[in-house]
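Work through the exercises below with the sequence and the model side by side, and try each task before you read its solution.

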Amino acid sequence: MTNLGVYSSVCEIIEKSKIAYKSYREFGLANREKIIENIRRTLSNYTDKLAEMSFSEINMGKLDDKKEKIRLSIEKTPGTEDLVSEVYTKDRVMTLYEYSPYGVSAALLPSTNPVATVINNVIGMIAAGNSVVLCPHPRAIEVTKFLTGLLNKIIIESSGIENLVTCLDDLSIKNINELMNHPELDLLVVTGGSYIAKEAYKCNKKVISAGPANPTFIVDETADIDDAARKIVKGASFDNNILCVTEKNIVVVDPIYEKLKKSLISQGCFYIDNVVDMLKLTKVVLTEDFKINKFFGGKSVGEILNYAGIKNDGDYKLIAVDVPKIHPLATEEQLMPILSVIRESDFDEALNTAILLEQGLYHTAGIHSNSIRRMNIAAKELKTCIFVKNGSSLDGIGFSDDNPVSFTIANKTGEGSTSTRNFAIKRRCVLVDGFSIR
């Protein structure tokens, strides 16, 4: 299939996207939703292929988990129903709030979650009425180009509009900066890439940006320990922990440490509780300057243990390792199936450590507890965009109970879990005299 909508020139891609937007803005919500329905229906037949292409190209994570992410993104990304209007009337004035498109938007995408984020962003952005320029990570360029061509084919068949979704093929820093600073680009949405996010803020236009994360979960003595262990392993092992929201650290109170450790092992953890193996692991997954070795991003537990020279005799889901709270495995965001375990004496100390480890990034955190008071205190003190109580981190982005799915968590710019309404301008329209029928 020809990769429709793929261009190397920034000026050309903006011009094509602008023309598409001008045609698309004449479409009402019903027509937008028809296009989105066709996207959902058609892409559902490509879930396996897109997952396989992504897995092969980025060489990170787990194939079956990628299929699940893509399926959920197709089925559970909010569409036009997210654009809820509000009306207020007084004796003389009616005030109407409605969501209008920005125009030409751009989505700058991560290497860790390319396909699901593209689908999630594209459905939300075109539901809001925008055209979309995709700027993929170099590690995921081929699957993004394929998906762009597929989306264009669906949209053309549904509406006759070409280039409503386009993809930048030349991913030089020069081209990315030119795109972000182009005067006819109206909205920038950045998922991943701290350098790109920093540059985006300088562009004098609307920016929605994700930022670094270090998701930390507390487990106290009132929790259902077996349930907590099951949910922690579910989240931290998903796609080999390359999602920004999944558990990177747990802070455990001393009274239940041994019980939780036993439960984690029963759920498929390879548990490291001795200094010798901890140092072996550290030497492999950290660089000489104590930063995360990106080579191991998304690698399997077996690969990491074998590289570290740590004997193992099974197929494990996750490595859990006891570390002090100042250890780089606890303080640095590591996108691999490693869960740092920090022990504290009681809930108050655990909360202080969780705040320290989350580092004011305000991204994701959570707690396993049966104390409502403690759950509320932790949520208020940590102030993260996503806070999960007695659940897996995956519950926080919509993996359960038919909740809306979001793969762009805008902790830097404050939108939090983004959806369609975030990709539109909330406009206020006021009519004076003669509209009240009270």
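The model is predicted, so local features need pLDDT of at least 70 and side-chain atom pairs count only at pLDDT 80 or more, while totals for chains, interfaces and linings use all residues. Residues are numbered from 1 along each chain as its sequence is written, and side-chain values use heavy atoms, with hydrogens and water left out.

**Exercise 1.** Find the order of the strands in the open sheet of 7 strands.

Solution. Strands are DSSP runs of E with at least two residues, and helices are runs of H or I with at least four, numbered from the N terminus; two strands pair if DSSP finds at least two bridges between them. The order is β11-β12-β13-β10-β9-β14-β15, and the pairing is parallel. At the edges stand β11 (269-272) and β15 (386-389), each of which pairs on one side only.

**Exercise 2.** Describe how β14 is joined to β9 and to β15.

Solution. Begin with β9, which runs parallel to β14 and is joined to it by 4 bridges; here threonine 216 stands opposite alanine 365 in β14. Then turn to β15, where 4 bridges again join a parallel strand to β14 (residues 364-368), and where glycine 366 stands opposite valine 388. Finally, follow the chain: β14, helix α15 (residues 372-382) and β15 make a β-α-β unit that is right-handed, meaning that, with the strands pointing away from the viewer, the path from the first strand over the helix to the second runs clockwise.

**Exercise 3.** Explain why β14 is largely enclosed by the rest of the structure.

Solution. Thr364, Gly366 and His368 point one way from β14, whereas Ala365 and Ile367 point the other way, and all are buried (under 20% relative accessible area, with exposed over 50% and partly exposed in between, for a 1.4 Å probe and protein chains only). Because 5 of the 5 residues of β14 are buried, the strand is largely enclosed.
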